[in-house]
Amino acid sequence: MTEIIEAIKKSAKRIQKAINEEELTYAQSCNSSGEQQLKLDVQSDMIIEEELSKIASIKTIASEEKSDPITINENGTYLVGYDPLDGSSLVDVNLSVGSIFGIYEKSFDGKNLIASAYVVYGPRVELVVAGVKVERFVLQEDNFIFMQEICLKDKGKLNAPGATQKHWYPHHKELVESLFQEGYRLRYSGGMVPDLHQILCKGGGLFSYPGTNDKPEGKLRRVFEVFPFAYIFEKAGGEAINDKGVRLLELECGNIHATTPCFFGSKYEIEKVREFYANA
Ligand code: AFP
């Protein structure tokens with residue numbers, strides 16, 4: 001496990017360099033979700049594949065940018081699912097972006113996740129790793145320095161509602177509006193990593209990416225984005241559920257690129273989601 005975290009740190013430093021130096025042009029390819037890939041997406045994917053491939057304990061890697069998982073060591077134990085550069089459409093306006101990693105055993109189902117991590121490329125590069133607890137590190141010169149353990153309060157102040165409002169279901173609109181009526185503040189950049197990082201670091205709140213009337217299964221991918229963050233939120237003392245009130249970590253992976261409606265927050269906000277979605 002330590003060597004996987006070390007490989008994530010090496011990848012993070014290389015990706016940060018690529019963000020600073022790479023031209024922001026599109027590659028001639030689309031990813032498996034049909035989204036056009038930036039050269040930077042392709043390069044970040046290549047960097048992570050290169051670093052993870054050096055590790056004998058990894059059996060399989062699966063990337064959001066590749067259509068299928070790749071077996072790298074038949075005798076390896078771990079499966080790593082990753083989104084190399086989440087929110088990459090925000091790079092050209094210089095907002096924060098991130099890399100997300102889920103470390104699994106046996107299969108990519110939520111229950112088999114045993115650790116997860118993400119990197120935020122912002123004004124500073126930060127790394128958050130969740131094993132038994134959730135720890136935050138900052139990159140200074142060439143080293144990731146421990147900053148703090150992340151623990152959520154029971155109730156936060158931030159509301160990060162994703163997806164196109166025109167397509168929200170009425171009960172979802174009511175949920176979002178009720179939090180604003182309670183005094184919650186809007187904090188949504190369109191990058192899952194910085195948006196969730198903000199909620200984790202400020203002690204709580206709600207990030208929602210619901211199913212909508214044009215995309216009933218939402219947009220965010222289970223293996224690469226949803227399960228890793230669900231693990232982090234639970235370990236930090238919060239909760240992470242779908243639109244049926246089921247823990248996200250109880251969901252199966254299904255197709256490797258399957259999506260799911262998802263809600264991440266502290267206990268109070270997740271109770272609100274259950275209330276508003278109860279009769280949906
Ligand atoms: P991109 O990688 O295409 O920028 O998408 C980012 C993302 O997958 C995730 O990071 C955001 O939370 C979500 O999409 C934002 O989607 P909406 O703009 O539909 O709210």
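Student: Is α4 mostly covered or mostly open?
Tutor: α4 is mostly covered, since eight of its 10 residues are buried, where buried means under 20% relative accessible area, exposed over 50% and partly exposed in between, with a 1.4 Å probe and protein chains only. Helices here are DSSP runs of H or I with at least four residues, strands are runs of E with at least two, and both are numbered from the N terminus. This is a predicted model, in which local features need pLDDT of at least 70 and side-chain atom pairs count only at pLDDT 80 or more, while totals for chains, interfaces and linings use all residues. Residues are numbered from 1 along each chain as its sequence is written, and side-chain values use heavy atoms, with hydrogens and water left out.

Student: Which residues of α4 are the buried ones?
Tutor: They are Met-192, Val-193, Pro-194, Asp-195, Leu-196, His-197, Ile-199 and Leu-200.

Student: And what happens just after α4?
Tutor: Gly-203 follows there with a positive phi of about 95 degrees.

Student: Which residues other than glycine have a positive phi?
Tutor: Among them is Asn-94, with phi at about 60 degrees, which is found in the loop between β5 (78-86) and β6 (97-105) and is exposed, at a relative accessible area of 71%. Another is Lys-106, whose phi is near 70 degrees; Lys-106 is found in the loop between β6 and β7 (113-121) and is exposed as well, with a relative accessible area of 74%.

Student: Switching to aromatics, how many pairs are there?
Tutor: Rings of Phe, Tyr and Trp (its six-membered ring) pair if their centres lie within 6.5 Å, with planes under 30 degrees apart counted as stacked, over 60 as edge-to-face and the rest as tilted, and by this rule the count comes to nine aromatic pairs. In one of them, the rings of Tyr-104 and Phe-108 have centres 5.1 Å apart and planes at 70 degrees, so the pair is edge-to-face.

Student: Are Tyr-104 and Phe-108 buried or exposed?
Tutor: Both Tyr-104 and Phe-108 are buried.

Student: Which rings are linked into a cluster?
Tutor: Ring pairs link Tyr-118, Tyr-188, Phe-207, Phe-229, Phe-233 and Phe-264 into a cluster.

Student: Last topic: where is Arg-187?
Tutor: Arg-187 is found in the loop between β12 (185-186) and α4 (192-201), and at 33% relative accessibility Arg-187 counts as partly exposed.
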